[in-house]
Amino acid sequence: MTLPDHRLCFRNVAARRGNSLLFAGLNFDLTGGDLIWLQGPNGSGKTTILRLAAGFLVPEKGEVFWKLEAQDAVPEELVAYQGHQDPLDTELTVSQTLNFWTDMYNSQMDIAKCLTLAGLANKQTVACGKLSAGQKRRLVLARLLISNRPVWLLDETATMIDSGGEHLFHSILSDHLKRGGSALLAAHRPVQKIGATASRLVLGAA
Amino acid sequence: MDALIARDLRLAGADLSSWLPGLLFFVFFIMVSVIAIGPEARILRDMAGGLIWLALLFSLILKVSDLFQRDMMTGMTEQIFLSGQSKLQFVIAKAVSVFLIHLIPLLIIIPIVGFVLGLEAQQGWAMTLSVLVAAPALIFYVLMTAAILSRQRTGGFIAVIMVLPFLIPILIFGVAAAESADSSSLYSVEIKALLGLNLISMSVGIPAIVAALKANIHQVT
């Protein structure tokens, strides 16, 4: 199953935090198969770019827009966002959580398969609050798979995952790109393997 | 929408501290009032309607800061908004959950408290009925305040000041409806006024809740 044709466009975008200008004149396009790796020190505006791309922020200047099958679209149709928080209900079990998101995204994805891919197949009845930090991140990966959205916006998703998990993250991400998906990834650490194909967007200190 | 309500119910079931304190507060408020007013049966009976309504309002206001705050802080609300769920459905689902989790326990206990205060059974049911009729207005105003304050960690006191002006008309007509419902017909003027307040609360509340949540999502940088 391939993902629909899509495009995320930043045109001459400027953003500000408080009184300081973070960046200005930012232009890029993200389309099927693209991976853009956002780099830059803390406070340089990586999260701001991701939140602009998710439609959570409105640019100070310029324009951010989304296309799906060459038609104008809203982020609610094509974007999956993972912030540096884990939006999980500590009381609910792993499978309850994923069932909830399957309903929210109105997704056709197979939950069991997504759990296996994320390496959580034996944790279905465990409460999310009992998972370790790394396992929570894996659950977040499973939610990304469930969303079946073409554009993934990832904020430090690979942190706190063990080396096996990191390998898993890279294989999930490269599968996503092969299916015609795209991703905008903010990370401090180098993105192994697939990192070679990634475009880099390096932000200076604000 | 079912999934949203089911999630709220599961969370409430797993964490009693999210709703039980509101119920206990209601009971304690009545108990303390009885001690303060004294055991004179006639006075208690006359004051019962007002006391029950006051206890109900305070118990609901007590919940305001929790209703959206946790989901807003963990990033859950923005994920739900981004998932493409209709925002109208989201707000209605939340209102239904608040009714089921916070208001139903109060509705059940009101006739019991009424009996303790010396109300006739019919008067007790009239109390329950008046609260039931006013429920949508109570819920939407409380949710509106909760949405506006969803990113304020110490919003408790502001919440009281913000929500009270909206709740006062409901209090006025609610108390009057409870008193008239046992003497005259079910469709008293007060009940009609409450129904009107419900409509206003929905037409003002639903867009305001969505706008406030969006504004709070946009605030994070």
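This is a predicted model: local features need pLDDT of at least 70, side-chain atom pairs count only at pLDDT 80 or more; totals for chains, interfaces and linings use all residues.

Reader: What share of the residues in chain A is buried, and what share of the contacts joins residues 24 or more positions apart?

Author: Of the 206 residues in chain A, 40% are buried. Among contacts in chain A with a separation of 6 or more, 73% are between residues 24 or more positions apart.

Reader: Which elements make up chain B?

Author: The elements of chain B, read from the N terminus, run α-α-α-α-α-α-α-α-α. That is 9 helices and 0 strands. The radius of gyration of chain B is 18 Å, close to the 17 Å from the globule rule for 221 residues, so chain B is as compact as a globular protein of that length. The box filled by the C-alpha atoms of chain B is roughly 60 × 35 × 30 Å along the principal axes. Buried residues are 43% of the 221 in chain B. Of the contacts in chain B between residues at least 6 apart in sequence, 77% join residues at least 24 apart.

Reader: How do helix 3 of chain A and helix 1 of chain B cross?

Author: For two helices, look at the distance between the axes and at the crossing angle. The axes of helix 3 (residues 94–104) of chain A and helix 1 of chain B come within 9 Å and cross at roughly 155°. An angle over 145 degrees counts as roughly antiparallel, and these two helices are therefore roughly antiparallel to each other. Their crossing is left-handed. Helix 3 of chain A brings A:Q96, A:F100, A:D103 and A:M104 to the contact, and helix 1 of chain B brings B:A3, B:R7 and B:R10. By class, this contact has 3 nonpolar, 1 polar and 3 charged residues.

Reader: At what angle do helix 7 and helix 9 of chain B cross?

Author: The axes of helix 7 (residues 121–148) and helix 9 (residues 189–219) of chain B come within 8 Å and cross at roughly 25°. Helix 7 and helix 9 of chain B are therefore roughly parallel to each other. Helix 7 of chain B passes helix 9 of chain B in a left-handed crossing. The residues of this contact are 20 nonpolar, 3 polar and no charged.

Reader: Is B:I52 buried or exposed?

Author: To judge burial, count C-beta neighbours. B:I52, in helix 3 of chain B, has 30 of them inside 10 Å and so counts as buried. Leaving aside neighbours within four places in sequence, B:I52 is in contact with B:I110, B:V113, B:G114 and B:M127.

Reader: Where is B:R45, and which residues does B:R45 contact?

Author: B:R45 is in helix 3 (residues 41–67) of chain B. With 15 C-beta neighbours inside 10 Å, B:R45 counts as partly exposed. Apart from neighbours within four places in sequence, its contacts are B:L117, B:G118 and B:L119. B:R45 and B:L117 are 72 residues apart in sequence, yet their C-alpha atoms are 5.8 Å apart in space.

Reader: What is phi of A:E69 and of A:A70?

Author: A:E69 has a positive phi of about 50° although it is not a glycine. For A:A70, also a residue other than glycine, phi is near 65°. A:E69 lies in the loop between strand 4 (61–68) and strand 5 (71–73) of chain A, and A:A70 is found in the loop between strand 4 and strand 5 too. A:E69 is exposed, with 10 other C-beta atoms within 10 Å. A:A70, with 9 C-beta neighbours inside 10 Å, counts as exposed.

How values were computed
Residues are numbered from 1 along each chain as its sequence is written. Chains are lettered from A and ligands numbered from 1 in the order in which they are written. Axes are lines fitted to C-alpha atoms, for helices over the stretch in contact, and angles run from 0 to 180 degrees between N-to-C directions. Helices (H or I, at least four residues) and strands (E, at least two) are DSSP runs, numbered from the N terminus. Angles under 35 degrees count as roughly parallel, over 145 as roughly antiparallel, 65 to 115 as roughly perpendicular and the rest as oblique. A crossing is left-handed if the near helix is turned anticlockwise from the far one by less than a right angle, and right-handed if clockwise. Ala, Val, Leu, Ile, Met, Phe, Trp, Tyr, Cys and Pro count as nonpolar, Asp, Glu, Lys and Arg as charged, and the others, Gly among them, as polar. A residue is buried if 20 or more other C-beta atoms lie within 10 Å of its own, exposed if 12 or fewer, and partly exposed in between; C-beta atoms are placed from the backbone. Two residues are in contact if their C-beta atoms, placed from the backbone, lie within 7 Å. The radius of gyration is taken over C-alpha atoms; the globule rule is 2.2 Å times the number of residues to the power 0.38.
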